[in-house]
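Please consult the sequence and the structure below while reading.

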Amino acid sequence: MRSQFLRLFAAVVLVAGVVYAVGTVGLRPPLAQAQEKPKFSPEQVAAFEKDVLPVLKQHCFKCHGNEPKIKGGLNLTTRQAILDGGDTGPAVNTAKPAESLFLRAIHYKDDEHRMPPKQKLPAKELAILEKWVNDGLPVPADRMGESVKVVPKGVVTEEAKRYWAYQPVKRPTPPVSRDPKGSEWIRTPIDAFILAKLEAKNLKPVKPADKAALARRAYYDLIGLPPTPEELDAFVNDKSPDAWEKLIEKLLASPHYGEKWGRHWLDVVRYGETNGYERDGPKPFVWRYRDYVIKAFNTDKPYTQFIKEQLAGDEIPGYNPDAIVATGYYRLGIWDDEPADPLQALFDGYDDLVSTTGQGFLGMTPNCARCHDHKVDPIPQTDYYKFVAFFRDIRPYSDNRDVRSASNMTDISPPEERVKYEAELKKRDARIAEIRKAMTVIEDEVIKTLPAPDQRAAEGNDRPKVIATKVVPALTGKVKDDYTALKKERTELERKPIPPGQLLAMSVNNCNPRPPATHLLVRGSPHAPGKEVQPGFPAVLGIPDPVIPPAKPGAKSSGRRTVLADWIASKDNPFTARVFMNRVWQYHFGRGIVPSTNDFGKLGEQSTHPELLDWLASEFMEPSDKGTPWTLKRLHKLIMMSSVYQLSAQADAENLKADPSNALLWRFNMRRLTGEEVRDSILAVSGSLNLKQFGPSTYPKIPKEVLAGQSVPGQGWPTSPPEEANRRSVYAHVKRALRVPILVGFDQPDPDSSCPVRYVTTVPTQSLGLLNGEFANEQAAAFAKRLQKEHPGDLAAQITRAIRLTTGRVPTADEVKKDLAFVAAIKEKHKLNDFAALTQFALLCLNANEFVYLD
């Protein structure tokens with residue numbers, strides 16, 4: 001009976017996700033049981049596209065994807081085709097999922113049905129497919145039918161082009177509330193979009209935050225520093241109807257606004273001041289880029305100009321030092337100064353530029369198409385190399401600091417200053433040339449006397465070795481003295497410091513106006529070039545690639561990056577304004593409207609309020625108030641004037657049940673301070689903060705235990721004097737191999753790649769560092785000195801002042817009474833004097849949740 005059964009229904013061999021029918025009698029099973037068209041939630045469909053589809057594409061679609069031939073009669077491209085099954089019957093039984101042939105095959109529960117046969121899928125992928133089957137095979141509407149034609153490699157379909165992120169930005173009309181009370185809650189169009197989503201779920205926003213909490217929120221959001229008690233009192237006691245608006249405008253006008261919001265941008269562009277790898281050498285003058293970013297935010301520079309200066313500032317005509325400094329953007333990444341494979345390292349550098357530019361400006365992940373077509377998004381491999389082609393005129397990073405030949409250093413001195421020192425530089429260069437000529441004459445006279453092999457070696461790349469090992473030892477008498485003197489003079493001239501008045505900037509320089517050809521690299525290997533590609537835009541947008549004429553004689557670059565920058569900065573680009581507005585929303589509310597701020601594709605998270613995002617993008621590009629397009633400060637004000645921004649962070653039991661993650665924003669999200677805010681706030685309340693702006697980075701004191709982890713302890717970290725070290729954290733040196741402990745401890749991001757969203761961890765080392773760390777204890781002592789100075793001899797007043805400085809609120813009499821008892825107890829128990837006991841209380845205040853969290 002068993003053999004007859006096998007002959008009738010066929011033995012099945014599954015190879016690499018392929019069903020092969022062996023000995024089939026050619027019978028086709030009947031259609032799967034008729035079912036009504038099921039309805040799946042957006043979350044289920046998103047999970048299919050993000051998790052299930054990549055597994056099917058990788059392991060199954062080659063032979064079960066409808067082209068060129070269905071193996072075993074099984075098509076896995078649509079839900080109905082799976083239910084119909086292949087030569088052995090339905091692949092999935094929705095009534096009894098556990099009995100499905102598909103699950104038995106992938107779990108190796110039948111020797112005759114193994115998919116794939118060579119190696120069982122990893123547990124994670126098995127779990128993904130099993131959940132998909134158990135959920136009833138949720139798929140998007142376009143995968144419900146009989147079959148889906150497999151898209152040939154490198155082709156972008158019309159269906160793919162309809163994805164929301166690729167559509168032009170259109171200004172939607174704000175919805176109208178169906179509740180009269182809701183209409184009263186709406187202060188800005190932003191509120192209308194938020195309330196519409198809340199009402200659809202029968203949710204109600206919580207009450208507004210109190211004025212003190214609101215002011216503290218605004219100070220940290222806009223300038224990253226705590227308000228003083230006096231500033232809080234002034235706002236709380238201001239009863240005028242425009243008190244809140246005046247506070248926002250005051251903070252936006254603060255020079256410290258750019259320090260806070262510039263740091264956000266530095267996260268996106270992977271800002272680092274060293275090269276990484278073993279030596280982790282410094283990037284000279286890269287701090288000018290940081291200062292450029294801070295100033296750009298302070299001056300409310302239009303975002304389009306900000307884009308163009310960073311991507312193509314060196315191609316902007318005329319003397320424009322800001323634009324040159326902005327191109328330091330290209331030099332912020334890691335650099336290997338002795339790569340095992342220089343060509344591979346070169347293209348790794350281009351990959352860094354493609355990744356950072358694609359994710360940072362466009363919310364795309366073109367880097368996923370370096371070795372093959374993107375697995376989920378419509379980004380062919382060709383698109384990746386079109387992107388690379390825009391950057392091919394940029395010469396690789398190097399250690400060369402001679403601006404006349406360096407690829408990454410530019411003289412940005414004013415023309416009138418250059419005149420003063422260029423003549424001196426010419427004289428220096430002429431003298432160096434004379435010295436080299438004289439030394440060569442002496443060397444050649446000795447070389448003539450050497451054996452023939454040495455003479456031949458001296459004619460090529462081995463000349464320095466011959467001179468060091470054969471020529472110099474042979475010198476004697478006056479000739480030796482003359483040669484030594486010449487060498488010393490040359491060395492001194494070459495090591496002369498930068499002339500007074502000369503300003504250098506890390507940048508792109510001496511670009512290649514006629515870049516080498518760009519090829520699609522087979523499997524991403526630079527040693528396997530394929531077809532040539534030209535600079536071009538994403539195929540999914542359906543716009544023609546640019547025609548870029550060859551550079552004119554005397555040009556200093558190819559002009560390609562200007563074309564790229566103009567396209568990115570265009571209001572017709574569907575990504576740029578959406579992506580930037582989404583970042584701004586994230587930095588205000590703790591989560592973007594699209595939570596995956598660097599990835600608007602299908603592997604990212606879906607938008608919670610797509611209409612609001614488009615409205616914000618439209619308002620950014622074309623202000624309804626006739627303000628300056630593409631400027632940010634007016635958007636800050638618009639967001640912060642909304643009711644949703646002013647909500648309390650208090651929870652509501654009913655709302656928590658319906659929306660536990662607060663995706664619909666029925667309350668404000670409580671947040672912990674960033675690493676920079678924690679450090680700067682400690683310095684501020686202790687009275688130690690130095691608010692000096694700009695200039696070379698500082699080197700805060702790092703404990704010797706941390707420095708001991710270096711191969712050469714302390715190398716590359718010349719500790720700054722205390723006053724200089726106590727500047728704001730945005731000015732601290734960013735050394736990739738050695739970071740300031742308190743900043744890293746509170747989740748300052750790794751600067752090796754673009755950071756879309758900072759982690760917010762809660763780990764023991766944070767508490768341990770704030771309690772026992774050298775920095776925290778030093779600042780606690782400074783805090784205690786401040787308290788004693790401001791309220792000498794009055795412990796109750798000192799305690800009250802400490803709580804006000806660290807939390808903003810006025811403590812209750814009972815709270816002060818308990819704290820007095822605490823100080824008295826530790827004095828008695830540990831035999832402390834007044835100052836030591838107050839220092840311990842100050843340290844306690846710096847460790848309070850109320851200090852490091854915002855309502």
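What covers the buried residues of α22? The cover includes α19 (415-447) and α21 (463-474). The model under discussion is a predicted one.

**Helix α22**

Helix α22 spans residues 477-494 and contains 18 residues. From its first C-alpha to its last, α22 reaches 26 Å, close to the 26 Å expected at 1.5 Å a residue. Tyr 483, Leu 486 and Leu 493 are the buried residues of α22. These residues lie on the same side of α22, because the arc they cover around the axis is only 95°. Asp 481 and Lys 488, by contrast, are exposed, and they are carried on the face of α22 turned away from its buried side.

**Aromatic rings**

In the whole structure, a search finds 38 aromatic pairs. In one of them, formed by Tyr 289 and Tyr 292, the ring centres are 6.2 Å apart and the planes stand at 40°, so the pair is tilted. An angle of this kind counts as tilted because stacked planes are under 30 degrees apart and edge-to-face planes over 60. Both residues belong to helix α14 (residues 287-298); they are 3 residues apart there, which means a separation of about one helical turn. Tyr 289 and Tyr 292 are both buried.

**Charges over rings**

| Charged residue | Ring | Distance to ring centre |
|---|---|---|
| Arg 217 | Phe 668 | 3.7 Å |
| Lys 283 | Tyr 397 | 4.4 Å |

Arg 217 lies over the face of Phe 668, while Lys 283 places its charged end over the ring of Tyr 397.

**Positive phi in two loops**

Leu 137 is not a glycine, yet its phi is positive, at about 60°. The loop that holds Leu 137 runs between α6 (123-134) and α7 (158-161). Lys 626, likewise a residue other than glycine, has a positive phi near 65°. Its position is in the loop between α25 (610-621) and α26 (633-640).

Is Leu 137 buried or exposed? Leu 137 is buried, because its relative accessible area is 0%. Lys 626, on the other hand, counts as exposed, because its relative accessibility is 75% and the cut-off for exposed is over 50%.

Terms used. Residues are numbered from 1 along each chain as its sequence is written. This is a predicted model: local features need pLDDT of at least 70, side-chain atom pairs count only at pLDDT 80 or more; totals for chains, interfaces and linings use all residues. Side-chain values use heavy atoms; hydrogens and water are left out. Helices (H or I, at least four residues) and strands (E, at least two) are DSSP runs, numbered from the N terminus. The expected span of a helix is 1.5 Å times one less than its number of residues. Buried means under 20% relative accessible area, exposed over 50%, partly exposed in between (1.4 Å probe, protein chains only). The arc is that of the directions from the helix axis to the C-beta atoms. Contact means heavy atoms within 4.5 Å. Rings of Phe, Tyr and Trp (its six-membered ring) pair if their centres lie within 6.5 Å; planes under 30 degrees apart count as stacked, over 60 as edge-to-face and the rest as tilted. A charge sits over a ring if NZ of Lys or CZ of Arg is within 6 Å of the ring centre and within 35 degrees of the ring normal.
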